[in-house]
Amino acid sequence: MFFNIFNFELKYRFSRPATYIYFALLFLVSFVLVGVGNTPATEKVFHNAPITLAFLQLTMSLFGIFLASAVMGVPIYRDLEHKTGTFLFSYPISKTAYFMGRFWGSFFILVFISFGSIIGSYLGSIIGPALGWEEASRYGPNLLMNYLYPWLTLTLPNLWLAGTLFFAVIVFTKNIKAIYAGGIIVFIIYMLSSIFSEDVASSSIAQILDPFGLNTFDIQTRYLTPYEQNNFLLQVEGNLLLNRLLWFGVGAVLFVSAYARFNFENFFSPKVAKTKKEKETTKISSIKRLVANVSFTNKYQWSSFKTLAKIEVQNVLKDVYFKVILLGGVIFLFVDLWFGFPLYGVSSLPVTSDIVANRGFTYGIFVFIIIVFFTGESLHRDKASGYASINDTFPVKDSAIVASKFAGMAFICVLLTLVPVFAGLVTQTLNGYFNYHLDVYLIDAFLIALPDYLQMVMLVFAIHLLVNNKFAGHATSVVVWLAMLILRNFAGYDFNMFFFSYKPGFSWSEMNGLGHFGESLFWFNSYWTAFGIFLVLFFSIFFSRGTDDGFKSRLRVARGRLTSANAKVSYLFLIITIALGGYIFKSVVYDNNYLTSDEATLSSVSYEKQLKQYEHLPQPKLTSVNMKADLFPYDREAHFNAEVTLVNKTDSNIDSLHLDIGQLSDLVVMFGKDTLQYRTPMKLAPRKFQVFGKKPRLGNYRIMALPKTMAPGDTLNLVMNSKRIFKGFPNAGSGRDIVYNGTFTSETLPTIGYNPQVELTSDSERKKYDLPAKDYDLPAHDDELGRRTLLFTDDADFIQFEATISTVPDQIAIAPGYLQREWVENGRRYFHYIQDTPIQAFFNIVSAKYDVLKSEQELPNGEKVNIEIFYHSDHDYNLDRFEAAYKDGLKYFSETYGSFQFRQMRLLEFPKYASFAQSFPNTVPFSEGFGWLADFDDPDDFDYTYFVTAHELAHQWWGHQIAPNYTRGANLVSEALAEYSALVLTERQYGKDNMTYFLRNELDDYLFGRANESKKENTFINCNRAYQWYNKGSLILYGLRDYIGEEAMNTALRSFADEFALKQTPPFAGSTDLYRHLAENTPDSLQYYLEDTWNKITLYENKANQVKAEKIAEDEYLVTFDINSQKLYADSAGMESKAEYLGDFIDIGVFSEDDKDENGRTRTNSIYLQKHKISPGQTSLTVRVKGVPVRAGIDPYNKLIDRMPDDNVVDVEVESSSNKE
Amino acid sequence: MVNDKIYIVSYNNHTYLLTIIFYQPTKTTMQLTIKNLTKTYSNGVCALNNVSLTINQGMFGLLGPNGAGKSTLMRTIATLQDADSGTIFLDDINLSENKQAIREKLGYLPQDFGLYPRISAEVMLDHIAQMKGVGNKSERKELVNGLLEKVNLYRHRKKALGTYSGGMRQRFGIAQALAGNPSLIIVDEPTAGLDPSERNRFYNLLSEIGENTIVILSTHIVEDVSTLCSNMAIICAGEVLMQGKPSEGIQSMDGKIYAKTIDKVELDEYREGHQVISTQLKEGRLSLRIYSDVSPGNGFEASKADLEDVYFSNISKKVDPITI
C-alpha cells in the first residue's frame, strides 16, 4: 500500500511542470555561476574547488528551502483542499501508508530537484572553460566526491529540516498559510545566529544555532587558505557536527510528532467552529427604517474611496501574517538599533544619525516582504475572496477602487516608516540618551524611507495590475528585484537611473547632517516617484472588474482606456519623469563623469599601456610648498594657489614636467608670468553614456615643457593654480572631500610622474587585457631607486611647508604647521600656518565648525607640546581618552623612541563618511564614527579610542620621523611599528588582560586576510597587505617583546630610530633595516623566532588535551599536562608542511579563578607562567603550583599564530584528595 | 412620500407586528427589457442564445436547470460581464453604455460570493451601505442594525465574517443586497444553504420589497417561484422556453397532464408512445406524468397540472427529464 501511494506521488509530481521548473532553476543558476566564474572563489581558488562547491550547495539549499515549502507543504494539503481527503476514509488505506507514502514521495522529489544544482555546477565547470567563458586555469580537477560530499552533509540535512518542518506545519495547522509562519521562524533563528557570528566570542553559539549551517560553514572555513580551499573537504566534526545533529534531530522530532498527530478523522474533518448556544433574542425592535437616503454625487466617489481605503487598511492590519512579519521586523529592528555595529566589541552611543542609518538593515528585508506580498494581496483580495462579485456591482468608479487600494498600502507604508522612529526613540530613552534629533528622524522617515517604500508599492502595484494573477504577480515582482540585484552585484551594472527606486548611497553624519546627499536624494526620489506614479496610472488601464477577465477582453478594455483621463495624466508623469531623468543624467554623466565599471577598468589599462613608458623618467622633486587655499564649503568648492619649488635631484637633465591632475580642474602652471604649455598623451574612448557630443576623452596626465631645461641640482619656482569643484551629484560615492561642515582633503596639488598604484592588480583581469602578471607591488629591498624614494609620496623627499587658508567665518580651517595669524577679511576667515621644520609632502586641509579642547604635555626633555582637540560641539564624550592617549604617548614615545619633532599635536574630527584616522604631521583627522561616540560602559571594553589615537601619534615617529622607503615591506616600518607602539601604550594604561580581546581580533583578521588572499601571501619582511602589516605585525612584534624582553626590544627600536630619524637624504628606511636592528638585539637561542615570523609563514597547532592536578599540600598542587604542539610552515599559496625542529619555547600556564581588579576589570591570575622548550608532537609535563588551579594549557595568551586558539586552554581536573585517604 | 404599511410576518410560530416604513420612489413603474442577448464563452459554451425578456416591477422568477445560463444572465444584468450581442435597457438606460446608472439602482446577491474574513459583519455592512450611497453616518448605522436584525444576524454583528457558517453568510449576502435603495434586485439562488425557516423568512422579506422594485430571482426550485413570483421565465441551454405568469402556464397545461404508475422496466415502451415530462419513484414503482392533448387511455388518469409540469414539459424539449 505504501508503494502505491509513494508511486502515485512520484507519478503525479513527475507529470507536473513545476517539478521540472524547480529543477531547471537550480540547474541554471548553478550552471551559470560556475560556468562564467561568478563564484565567491578568490583568484587563487578554483570555481569548482571543494569549498566553493560546498558554499554553492549551501546557498542553493537556501533556495531549496523555498522549494521545500512548495513541494512538502502541499501533498496532504492537496487532499484537504480538493476535499478528496474525505474519500480516503472509505478506502482501505492505513494511516501509515498514506502518511509515509505522501511524505517520502514528496521528499524523493525534493531530493531529485536538489540534484539540479549538482548537475548544473558540474556541467558549468566543464562547459564554462571549454567555451572560454572563464579561464580554464580557474578550474581544478572534477572529483565526484567534491559534489556529493557537501550535498550529503549540508544540502540533504537542510532539505530534511525544511521538508519535515513544512510537512508538520500542515499536519498541525491544516492551514497552507502557516508555511509562511514556519519559514519566518526558521529565518529568525538564522538571523539570530548571524548576529552571534559577528563577534568572535560568541561564534560557537552561532555555529550550533544556525538551522542552515551557513554561519557554521562560514566560521569553519574562515581561515582556510587558497591551497586548502582547493584541496580539502570540510569534515563534519566539532561544531558543524553538533549543528547537523541538532537540526537533523529537530527534523526527526517534527517528523515523528507529525506522524503521531496525523489521523484521517481529525485532519480531514472540517473545522468545527465553536458552537455557542445561540440565545433566543426576545427583543426585536418593532420599528426600523430599512430605507435610507442614497446619493451618488461626486461626494459619493470621494467617500467611497475613503471607506474602501479604510477597509483595505483594516484587512491588512488584521491579517495575522502581517502581524507576524511585522513583529519579526520589529524584533530585528530593536536588535540592530540596540547593538548597532560595535567596533572591537564596543557599542556606540545611540545617536540619531546612527539609529536612522541602522534601521534599514534587517528591518528593510521585512518591509520588502510586507510590501511585495501585501500589495499583491490587496489588489487580488476581492477576486480571491469572492467578494468581487458583490463589490464590482457598486456604482463606484474603477479609479476610486484602484486609488483606494493604493492609498491603503500607502497608509501601511507610513506605519512602516514610523515604526523605526518609535523604536529609535525607545532605544535612545532606554539607553539613557536623551539628545533626540527629531528633525533627523522626520526627514529620514518621510523624505527618505517613505518614498522608498511607496516606490516599491508602485512597481509591485503596476506588475499586479498587468499580470492579474496573484501568484504570477508575486513571482514577477520577486523576479524583477532579483534581476536588479543580480545585474548590480554580479554583472557589474550600477547606473542608478536604470534600476527602479535605486538612488546614490548616502550617509547621515552628526557633524554634517544629511549634507550634500539631500540634493541627489531629492532628485532621484522625484524621478522614481514620478515614474512610479506613471506606472500605477498607466497600468491601471489593465484593471479588470467583473467576472470577464480573459486576456483578450482585458486587452480590448485596456486599449479603449489608452485615451482615458487616467492614462493622459500618466503620460504627463512620464514626461515629468523624462525631464527629471534628463537633469539627473546631465549631473551624473556630464558633470560627474560617470563611467561604467568596465570603463573604469579600461581607464586603468589605458593608463598603464599608454604611460608606463614614463615610469622611471627622471623628474624634479618638490622642496617647498606655500599653499594658498580658499575653501567654499557651502558651495563645495576649493581654489588652490600653490607656490612650489622644484629641484632636480637626479643626475640627468630634465626638460619636461609630468603632472597627473587627478580630480583637480583648471590646473594652470605659471612660471613668472608665463603659463606652461602642456600636452595630454593619454587618450580614452568616449564615455559610453555620453549621448551628445561624443568625443575621445583626454586623460588626467599632462606633460609640460619646462621654461628651461633643469640641469642636475637646478631649482625652479612655479605657481600652480587649480580648483576642486563638486557640482551636482554623481551616480555613487560620498564626495566627502569638501562638504558643508567637515571638509577634509589632501588632494590639493597635482602628483608628479607615473603612478603605478593606478595599475590593475588582479592577475586574471590583467590577463584579460593583455597585461603581464604583476607579482610584487614594490621594488626589492636593495633597489637603488626604491631606497632613494619615499613611500608616502615620491613627489618630494622633505619639504618646507606653509599654508594660508580661508574659509567661511563660522568654521576653523587647519593645515599642518604652527598658526601664525588668524584674521577676517571680506567676510572670510583666514588662517596662516608655517611648518618651520621639514616634513614629507604629505599634508591636508580641514575646515569645520569646531569646539576646541586645549591642553599641554611636558616631555622628559622639558619641552612643552600643545595639544589641541577639535571636535563637534556635542561630541565631548571621550575627549579625555583622546587627550590621555596624546599625553601618555608623547611622554612614553619620546622617552623610548627619541625626541618628538613638533611643538604641537592636534586631533580633528571629520564626518563619518569614512571610518579611519590618518596621521599627518602634528595633525590627525579622526573620523566621527571611529570612537567619538563609543560607549565604554564595561570596564573590560577595549579602549580603541585610546589605542587608535596612540597609533596615530606613534606615526609621528614611525612614518613621519622615520620615513619608509619605496621597497618591499617598507610599510611595516610605519604601520606595524605604530600598531605595536600603540599596543604597548594601551597595555601600560589598561593592563595585559585587557589586550586579550584585541589580540584575538588581530589574529582573526590576519588568518581571515590570508585565507582571502587573491595572489599569494608574502612573508612579513616583504609584506604588501594590510592584514600583514597591521594584524600580523602587532602579533609578532608583541610576541617578540615577550620573548626577548622589553628592554632589548626598546633598544632595538631606539637604535633603528636613531639611524633614520629625520633623515632628509636617502637612503631611507626599509623593512630589512628594522630587521637588522631587531636581530642584533635578539639572542641566538631566539633567532629562530625572528626568522619564523619575518622570513617564513609560520603557524602553530597547539592544543591542551588534558590537565590534571593533584593536591599535595595545603594550597599546593602538582599539575600534569598532556599537550600537543606542532609548528607548520606555509608556502605563499597556503600549503602547509610540518616543520622539523627539536623544540620551541612556548608558554605553559596555570590559572586560578579570575577576579576583578580595583578598576573593575576582569583579572586573570596566573599561578604559573613559564616558557618551556616544547618538542613537536605529544608532550607530558608536570609543574608544581601554589593556589587552586582552575584552567591551564599551552600558549594561553595566544602569542603564537594558531588557527585554533580556543583549544590551548582547558579546565583543570582536580583529583579529589579523598581518593587517597 | 412616505407610506406606512403593515405586514404580518410569521416566524417560528410567533407572530410579530412589524411596521415598515418604505420610501416610495418617485417613479412608480419600471421595466427591464432584454433583447436578443447572446453570450458564448471562450471555451465554446453558448450560455445565452438570443435571449429576450421583459421584466416589470414585482417578483420575477427565472427557472432553469443547472447550467441553463441563469447565472450568466444575472451577472450580465448585474454589470459584471458583457454580452457578445444584444441589449439590456432599464427603462431608457442602456446598460452597456451606462453601467454606472444601473449600479446605482442595483442590489445583487451572487450565487457564489465571499467576504473579507477578518472584518466584522457590522463594519462590513456599514462599508457596503456607504458604497451603496448611504452617506449619512447615523442613518447608515440604523440601516445596518435594521438589516442585520432582519436577517437574524444582529447577535453576531461583532463577529468576524470568516467565522460565519454557510447559512449565516448567505443571510449576510441577503442583507447586503437589500442595503441602500435598490430598485433592481437580483438574487441568484438565494435560498441555497438556508434552512426552511430561514427560507420562509427570506421569502417574506423579498415579497415585502418586491412590490415597488424589480426583483429577479433565479432558482432551480420550482416551489420558490410558485410561492413568490408574479412573473416568470423558464430558461434552458441558454434559451428562453417560456415566459409569462405562473398561473397562465399552469392554465395552458390544465387538462393535458395524465399520470400513471408503472413498473420501471416498462418505461421504454411508454417513452415511445407518449411525451413523458417527468417520472418519480414511489415505493419502488414509477409514477409517470405525460403531456397529451387528448386522454391517452391505457390506464392513464387525468391529473391536475402544476408549475412543475410546466417546468418539466418545457425543459424536456431540451434535456431528457427522465432521471433514472
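A:Asp319 and B:Arg118 form a salt bridge in this predicted model, with their closest N and O atoms 3.3 Å apart. The count of salt bridges between chain A and chain B is 1. Polar contacts between the two chains number 12 residue pairs, with both residues of each pair at pLDDT 80 or more.

**The side of chain A that touches chain B**

- Four elements of chain A each supply at least two residues to this side: strand E1 (287-289), helix H14 (298-317), helix H17 (363-385) and helix H18 (388-391).
- Helix H14 of chain A gives the largest share, 10 residues.
- Sorted by class, this side of chain A holds 16 nonpolar, 18 polar and 14 charged residues.

**Extent of the contact**

- Chain A contributes 48 residues to the contact, and chain B contributes 47 residues.
- The two chains bury about 4700 Å² between them.
- Carbon and sulfur atoms account for 57% of that buried area.

**A sheet in chain A**

- Chain A also contains an open sheet of 3 strands, in the order E12-E18-E15, with antiparallel pairing.
- Strand E12 (743-745) and strand E15 (812-814) are the edge strands, and each of them pairs on one side only.
- From one strand to the next, the twist averages 10°.
- Strand E12 and strand E18 (residues 845-848) of chain A run antiparallel and are joined by 3 bridges.
- A:Thr745 stands opposite A:Ile845, a residue in strand E18 of chain A.

Notes: Residues are numbered from 1 along each chain as its sequence is written. Chains are lettered from A and ligands numbered from 1 in the order in which they are written. This is a predicted model: local features need pLDDT of at least 70, side-chain atom pairs count only at pLDDT 80 or more; totals for chains, interfaces and linings use all residues. Side-chain values use heavy atoms; hydrogens and water are left out. Contact means heavy atoms within 4.5 Å. Buried area is the accessible area (1.4 Å probe) that two parts lose on being put together, summed over both. A salt bridge is a side-chain nitrogen of Lys or Arg within 4 Å of a carboxyl oxygen of Asp or Glu. A polar contact is a pair of N or O atoms within 3.5 Å; within protein, one must be able to donate a hydrogen and the other to accept it, and residues adjacent in sequence count only if both atoms are side-chain atoms. Ala, Val, Leu, Ile, Met, Phe, Trp, Tyr, Cys and Pro count as nonpolar, Asp, Glu, Lys and Arg as charged, and the others, Gly among them, as polar. Two strands pair if DSSP finds at least two bridges between them. Axes are lines fitted to C-alpha atoms, for helices over the stretch in contact, and angles run from 0 to 180 degrees between N-to-C directions.
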